[in-house]
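Work through the exercises below with the sequence and the model at hand. Each task is followed by its solution.

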Amino acid sequence: MNSFCPIAWPEDPTPESVKNCEECGLYKQGTRMIWGEGNPNAPIMILLDNPGARENREGQPFVCGTRDTLQRAIHEVGLHQDDVYATYILKRRPIRAYDKEKTRQICMQTHLDGQLQKQNPSYVLCLGNVAVQHFFQNPDVDVKSLRGRFHHVNGFQTTVAYHPLAVRRRPNLYQLFVEDLQLIASHITRLK
Ligand code: SF4
């Protein structure tokens with residue numbers, strides 16, 4: 001791997017019309033909405049379970065471990081920051097217990113479905129079992145059984161990989177993570 005320094009991807013501002021969303025009640029936990037990060041016109045939409053913190057306790061921008069690992073692998077397979085956009089099943093970061101299933105379904109229907117239609121990415125990459133099971137709408141599937149190929153889901157060419165946080169915790173997953181990103185990179189015209 002050559003030298004690489006992760007940076008905070010630009011935040012895609014939450015649309016004015018929804019930024020005070022109270023649909024599922026998660027707003028009561030006090031975290032702000034994050035609509036997405038990166039290039040909204042990118043060919044690849046990365047789907048994570050929920051946003052990580054973009055600022056540290058002092059309010060300074062920082063790159064969390066999830067983003068660090070994701071950006072390293074993206075760089076390693078030759079993708080550029082402009083090739084990707086990251087968004088989430090939940091647009092707010094939960095910090096306490098909540099009704100996971102109900103909240104995820106509400107947030108997807110309220111925001112993600114329309115966001116996908118509007119941005120219309122060429123590829124969707126689901127990271128981790130939460131994103132996979134909710135995007136595929138099937139609680140019985142997982143990354144292990146689906147990785148390594150494309151699936152046609154909700155009208156999108158979709159592939160999956162482990163969650164970057166799982167990859168950080170289990171470094172033996174890193175090579176598989178890179179392979180999964182390579183699969184999607186091999187379809188990006190600029191890299192062919
Ligand atoms: S998690 Fe989603 S649906 Fe719930 S309040 Fe936040 S943006 Fe709205």
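**Exercise 1.** Describe the surroundings of the ligand.

Solution. The ligand has 14 residues around it, the closest being Cys21, Glu23, Cys24, Lys91 and Cys107; a residue counts as near if its C-beta atom, placed from the backbone, lies within 6 Å. Sorted by type, this shell has eight nonpolar, two polar and four charged residues. Here Ala, Val, Leu, Ile, Met, Phe, Trp, Tyr, Cys and Pro count as nonpolar, Asp, Glu, Lys and Arg as charged, and the others, Gly among them, as polar.

The model is predicted: local features need pLDDT of at least 70, side-chain atom pairs count only at pLDDT 80 or more, and totals for chains, interfaces and linings use all residues. Residues are numbered from 1 along each chain as its sequence is written.

**Exercise 2.** Which residues of α6 are buried, and why are they on the same side?

Solution. In α6, the buried residues are Phe177, Asp180, Leu181, Ile184 and Ala185 (20 or more other C-beta atoms within 10 Å of a residue's own, C-beta atoms being placed from the backbone). They lie on the same side of α6 because they cover an arc of only 145° around the axis.

Notes
A residue is buried if 20 or more other C-beta atoms lie within 10 Å of its own, exposed if 12 or fewer, and partly exposed in between; C-beta atoms are placed from the backbone. Helices (H or I, at least four residues) and strands (E, at least two) are DSSP runs, numbered from the N terminus. The arc is that of the directions from the helix axis to the C-beta atoms.
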